[in-house]
Amino acid sequence: MAIDILAELALLLVPCWPLLAACLLSLTPTANLRSSAKSFALIGLIISVCLTPFMSGQDGLANGARLLVACVPWLARRGEIGRIGVIVPFLACFCIMLALTAHAVLPIAALLGLAAALLALHEAAGAARARVAWELARIRLAGAILALLGATLTGSSTQPDAARLGDLLLAVGLCLLAGLGPSPQGIPEMGRPAVLDMLLRIGALALMLRLPDRDVTHMVFLLAGLGTLWLAVLARQCGPRLHAALATLCAAQGGAVLPALLFMTGGLAICSGEMTERSARWASSSLPPYPHFTASLLLLSVLLMPHPFVGLAVLAALAIQAARTEMRWPTLLAWRQDAALWLLLALGLSSPLLMLLPWSLAWRPS
């Protein structure tokens, strides 16, 4: 009886605490806005960590992605922001939380589109970066529209050709929401904008991992992931774009959940700004003992047999990324700058134990 009550409480509080925080922040005096946002973000993160295991009808993918999303308001607490800049990230976090809890493609695509519109509103408030932000927002909104059209066709059409077109539109829209493909110049890889952009990446990648393994979606995810991976490697990038490409390749292989979550965790940690650039390159270089190493091995293990040429191309890209890394451990004296690095180190050391957990999906669209 107590477990059932706790499960119902978790199902209510975990997805909805960002909305409650946004409502309270709208009533908070301007002088106390920043401190209140930090407090609400920390309380919400604690609620998510404590109550997520008790949520019924959820699987490891939803729970892991939900914990990553719960970290975003806390990681986005820095910077010169006004009331809109404080409230909108909580609202976008609420949309992604609901999307991770839902069990149907069309509501998930609609919530991702709403989150994209909210983040576009947030970026438009910053006049100094309005031009670059609008280019990124335009791509994300186009992806949201394509994903909505694709989800509508896939779910309502009885004709095979229309369903295949829906699969294609949905796959392309999710790739745009995840930030795959060429990116506009001047987009930062670290800091508050990159952290907020991870909300859409996590939501889109979580839906990618659930899609059935059809020919159209498989080919789109494979080409988009491999192309973006090489674009990131050639541009010497180590941020969330690289990790999103690798997580997309996991989705192309029937939903390899654990390596995709490890890649998403690495991308969020790197773009958080809680580590130096040298440490970020080390953590994303597929070298042990960080989680990127375990995730890369798991990805290659499911990629080399069915697609040997693609697997070799991924292996070559990872080898180039590792060869550029400065082969020197980050100094212990800079632990405050590299706070996220030590968390990744702990996750990397425990990742073999995570392989023992069940990672089967609780639901997939038909």
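## Close-up views of a predicted model

**View 1. Leu67 is partly exposed, because its relative accessibility is 30%.** Partly exposed residues lie between the buried limit of under 20% and the exposed limit of over 50%. The model shown here is predicted. Leu67 sits in helix H3, which covers residues 60-75. Setting aside residues up to four places away in sequence, Leu67 touches Ser48, Val49 and Thr52.

**View 2. Leu67 and Thr265 are 9.8 Å apart in space, C-alpha to C-alpha.** In sequence, 198 residues separate Leu67 and Thr265. Look for Leu67 in helix H3.

**View 3. Thr101 is found in helix H4.** This helix spans residues 83-101. Is Thr101 buried or exposed? Thr101 counts as buried, because its relative accessibility is 17% and the buried class is under 20%.

**View 4. Thr101 has contacts beyond its sequence neighbours.** Which residues does Thr101 contact, leaving aside neighbours within four places in sequence? They are Leu11, Pro15, Met55, Gln58 and Arg66.

**View 5. Leu9, Leu12 and Leu13 make a nonpolar surface patch.** The patch has an area of about 240 Å². One of its residues, Leu9, belongs to helix H1, residues 2-26. Leu9 has 38% relative accessibility, so Leu9 counts as partly exposed.

Definitions and conventions. Residues are numbered from 1 along each chain as its sequence is written. This is a predicted model: local features need pLDDT of at least 70, side-chain atom pairs count only at pLDDT 80 or more; totals for chains, interfaces and linings use all residues. Side-chain values use heavy atoms; hydrogens and water are left out. Helices (H or I, at least four residues) and strands (E, at least two) are DSSP runs, numbered from the N terminus. Buried means under 20% relative accessible area, exposed over 50%, partly exposed in between (1.4 Å probe, protein chains only). Contact means heavy atoms within 4.5 Å. Patches are made of residues with over 30% relative accessible area and no salt bridge: like charges are joined within 9 Å, nonpolar side chains (Val, Leu, Ile, Met, Phe, Trp, Tyr) within 5 Å. Accessible areas come from the Shrake-Rupley method with a 1.4 Å probe; for residues, only the protein chains shown count as cover. A salt bridge is a side-chain nitrogen of Lys or Arg within 4 Å of a carboxyl oxygen of Asp or Glu.
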